[in-house]
Each structure stands twice: as structure tokens, then as C-alpha cells.
Amino acid sequence: MESFEDFKINKQLGYAIEDLGFKKPTLIQKESFSVILSGKDMVGIAQTGTGKTFAYMLPILQDLKFSKQENPRVLIIVPTRELVLQVVEQIEQFGKYSSIRVLGVYGGTNINTQKQAVAQGTDIIVATPGRLYDLVLSRSLQLKSIKKLVIDEVDVMLDLGFRFQITNIFDLLPERRQNIMFSATMTEDIEALIDDFFITPQKVSIALSGTPLDNISQQCYIVQNFYTKVNLLAHLLQDEEEYHKVLVFVSNKKSADRLFEELDELFGSEICVIHSNKTQNYRIRSIKQFDEGDNRILVATDVMARGLDLDKISHVVNFDTPNFPENYMHRIGRTGRAKQEGKSLLFYTEKETRFKEDIESLMDYQIPEIDFPEGIEIATRLTPEEQPKIVERDNPHKQTQYVPGASFHEKKEKNKKVNQRGAYERELKKKYKKPKTRGDKNYNKRNKRK
Ligand code: AMP
């Protein structure tokens, strides 16, 4: 489908698109339209800027009939207040010629005002998970009429610790509904969520072409273990002229902190770190310092560095090898921007070879290997994850039966409670206490997450 006419969209939407000046659908819009319209569950891998908001709104609005009912029929969950405002604005632009009602709700503002707004009735509700959950628990918002659920930027949402709210919201929704999810990156957490709640979803991925930019040179090193990787990186970073603006990627917060701690001793004021356990202010400050050249090295997790638009990065270092090849493409795309030359290094252990090969087959390109430099110490120290697991033989107490994992318990517990609304609410109140102020609530939430 090459033009909006091929979508056979209704007149009202057509006028709105004309007003917006859009000439043809973007790739994600083309790919998602018929899938969403068919009512199937969908998982879209797409970054901000690809036109993903309209990609899900277009078929949803096309399908949404006029109604006077109060309870919303479409629920869109996004991670931040800014995104709520942005999505509401885009829906308003699109719905300009139809009488679709849309409402945005988010934390940090008076909940009573929002309760009143909800009571007025709406067709589409756009919400952050925390506020949405509070509104549902206080019975101000009913989710029983939701036919379509969109979760946008789910990777950011999980990284911010919203899994609890998301899974609980899932349980409060009617069973017969369409689930649509968008994420820029794929992680194991997201896969687990999809497995638990989606029904044979169709995957639409346009995040990458698999073809890296010509102006990014790629190289890789095979390295023994985490601390040897630290030694290698420290060795390379000594060349300040060559490595003048280095973005180091790690896959999780724990590794980010561990690496930062090691490098901090050697490079002190030249290094900063960002991941989701750092406060927003800390993250903004770190990014600014790095971007303005006050810090030479930035250590970041995939999710946090995703939206970064940084200038003139000399090197992207993949300190670990992403197990989803898409993430590698995102990482290296941080360098070589605006036609500048960029360099990417990949450190992989023997265990990570499989992931490196997946990346290579996606790109149809073999990353040139560099010999491990001489004189770098091979570390004997291992991270807790690298330490060999002790295998017990003939332990009579050992449980051999299958023990379901945490998420299984979680789900089973909740399912049991479906018909005990009052008790369930009381249970949750106990858990969270009654928030007196927003600060208090946040404090409780934070503590729970630990
Ligand atoms: P998003 O990825 O949803 O954040 O959208 C990024 C931007 O692309 C938004 O500002 C949209 O207004 C714009 N956009 C969305 N679809 C199209 C299109 N088909 N043609 C041109 N611009 C678009």
C-alpha cells in the first residue's frame, strides 16, 4: 500500500490527513494498518519518529463508531506524562472532523479533577500506568468496555518499574479485546509479558533495515569475561585523542553500575552513567555533560540511550552483546550520524558468540575481528553471574518436581481474586498503604519495587 487512498479510510480521517499535510503513510503505518484493522493482537517494533502513533490510531479511529457511552472503548497506556499529552494532541488532530472524545490522565496532578473529567465520558483514554491504576481502584474509571488496548513504549515502561501496574491492569480488562503493543527494543521481560497476555500476536518490525550505515566502521574483540572487558576498555580509553566521545552500552542497570564503579577509579571526572534507577535530573545532567564534551565517556543501558540525539560520538562500545540483534542496530546508529564517520566496537565472550552471529546474519555482514591486544591482564575475578553454578549430586532434599516461576505465581494468585473485588482492593491498599501525598505514594512504590 503506497498511499492513504489504498487504506480506504473514511472521509473525516482523509480530511484530517490532508490538513496535516501527510502525503503517504510511513513504513510502520503501511505494515500495521491491515493487521490492526483485522482485530489481531500485534507487537510492533518501532522507534519514536517513525510515525507509530498514527500507525495504531489510524486503524483504530477508522473502526471506532460514534457512541454516547461514558466508559472508554480504547485504552492507550504510555510511560510518561509528556507522551500522554503528545498522543492526545495527535488524536485530536486526527479526530478533528469526527466526534471522537479523547482524554489524557497522568500522575503529578490533582486526581479529583481527572475523576471529574473521566465522569464526563470518553471514547479513548490515554494514561500513564500509575494514575490509570489509581483511577480504576477508586472506581472512578471503568474498564469493562475496553475493546482495544495499546501499550506504547513498553520497554521504557518496564524499565521504569511499572510491571506490577501493567499486569494488574491486564487482569481488570475484558478478556475479549485486541492487544497492540509498541516498543523500540525487544527484551526478555517484554517477551514474557507477550507470552502471558497476548494471543498469537503478529509481529511487525520496521525498526531497522538490517543494513548499517556505510559510514560506521565495525570491529569486534573476543574477550574472556566481564572484568577482562573492563581491562580492555580501560586500555583503549587511554588514547584520549582517538576515543574523544565514547558511548558505552550495557544491557542492564547492574552491569552499568558495576562498570561505572570500575572505570570511575581510573577516569573519574571524565565518565558519567545513565540508567533508570538514576533520577531524571541526574540523567539529564549526565547527558548534557557528555553532549557538551565535559565528560568523555557515557555508560548507558539500551532503554535509556534510545532516544538520545547526541552529536559527534567517536565510538559506540558494545560492552556486552545484545541478545536481540535489533538492539545492536540501535546502538551503533548512535554514531555515524549526519554523515559523520563513526566507529563501533563489540566485546563478546564465548557465551555471547551466538548473539554476535545473530547480529551478523541480520546485517549479512561479518564484523571484522581484532586480535586481543597484548599486555592486557586477563581477569580471574568473576561477576556473580559468571561464577560457575554449584551442581549438587545425590542430594536427597533436592526438589525434582517442576516449580513454577515467579510470574506464574503472580498470575495464578490474581486470577483467583478476580471475583473478590473488595478483598482484592483491600489487599492492594494494604500493600501500598493509603497515599497521603504523592511523595508518600512514590516512597511506598519505590520500596515495593526493591
Ligand atoms: P511518532 O513516531 O508517532 O512519534 O511520529 C513522529 C512524527 O511524524 C509526528 O510528529 C507525526 O506528525 C509525523 N508523521 C506521522 N505520520 C506521518 C506521515 N505519514 N507523513 C509525514 N509525517 C508523519
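Biologist: Which way do the residues of strand E1 (residues 42-45) point, and are they buried or exposed?
Modeller: Met-42 and Gly-44 point one way, Val-43 and Ile-45 the other, and all are buried. Note that this is a predicted model.

Biologist: What does "buried" require here?
Modeller: A relative accessible area under 20%. Each residue of E1 counts as buried, so each falls under that cut-off.

Biologist: What makes E1 and strand E6 (residues 178-183) a pair?
Modeller: The bridge count. Pairing needs at least two bridges. E1 and E6 have four, in the parallel sense, so they qualify. Gly-44 stands opposite Phe-182 in E6.

Biologist: And strand E7 (residues 202-205): how do you know that E1 pairs with it?
Modeller: By the same cut-off of at least two bridges. E1 and E7 are joined by four, again parallel. Here Gly-44 stands opposite Val-204.

Biologist: Now strand E4 (residues 124-127). Which residues point which way?
Modeller: Ile-124 and Val-126 go one way, Ile-125 and Ala-127 the other, and all are buried.

Biologist: What makes strand E2 (residues 74-77) and strand E3 (residues 102-105) partners of E4?
Modeller: At least two bridges are needed. E2 is joined to E4 by four and runs parallel to it. Four also join E3 to E4, again parallel. Both pairings therefore stand. Val-74 stands opposite Ile-124, and Val-105 has Ala-127 as its bridge partner.

Biologist: On to charges. How many salt bridges does a search of the whole structure find?
Modeller: It finds 18.

Biologist: Why are Arg-163 and Asp-196 called a salt bridge?
Modeller: The cut-off is 4 Å from a side-chain nitrogen of Lys or Arg to a carboxyl oxygen of Asp or Glu. Arg-163 and Asp-196 are at 3.9 Å, N to O, so they count.

Biologist: What does that pair tie together?
Modeller: Arg-163 lies in helix H8 (residues 163-172) and Asp-196 in helix H9, so the pair ties together parts that are 33 residues apart in sequence.

Biologist: Buried, exposed or partly exposed: what are these two?
Modeller: Arg-163 has a relative accessible area of 22%, and Asp-196 has 25%.

Biologist: Why is Arg-258 classed as it is, and what of Glu-385?
Modeller: Arg-258 is at 15%, under the 20% cut-off, so Arg-258 counts as buried. Glu-385 is at 41% and counts as partly exposed.

Biologist: What makes Lys-288 and Glu-292 a salt bridge?
Modeller: The distance is 3.8 Å, N to O, within the 4 Å limit.

Biologist: Which residues form the negative surface patch?
Modeller: Glu-188, Asp-189, Glu-191 and Asp-195.

Biologist: Where do they sit, and why are they called exposed?
Modeller: Lys-8 is in the segment before helix H1 (11-20). Thr-200 is in the loop between H9 and E7. Exposed means over 50%. Lys-8 has 68%, and Thr-200 has 68%, so both pass.

Biologist: Last, Gly-293: where is this residue, and is it buried or exposed?
Modeller: Gly-293 is in the loop between helix H12 (280-291) and strand E11 (297-301). Its 54% is over the 50% cut-off, so Gly-293 counts as exposed. The C-alpha atoms of Gly-293 and Asp-311 are separated by 9.9 Å, and the two residues are 18 residues apart along the chain.

Notes: Residues are numbered from 1 along each chain as its sequence is written. This is a predicted model: local features need pLDDT of at least 70, side-chain atom pairs count only at pLDDT 80 or more; totals for chains, interfaces and linings use all residues. Side-chain values use heavy atoms; hydrogens and water are left out. Buried means under 20% relative accessible area, exposed over 50%, partly exposed in between (1.4 Å probe, protein chains only). Helices (H or I, at least four residues) and strands (E, at least two) are DSSP runs, numbered from the N terminus. Patches are made of residues with over 30% relative accessible area and no salt bridge: like charges are joined within 9 Å, nonpolar side chains (Val, Leu, Ile, Met, Phe, Trp, Tyr) within 5 Å. Accessible areas come from the Shrake-Rupley method with a 1.4 Å probe; for residues, only the protein chains shown count as cover. Lys and Arg count as positive and Asp and Glu as negative; His and the chain ends are not counted. The place of a charge is taken as NZ of Lys, CZ of Arg, CG of Asp or CD of Glu.
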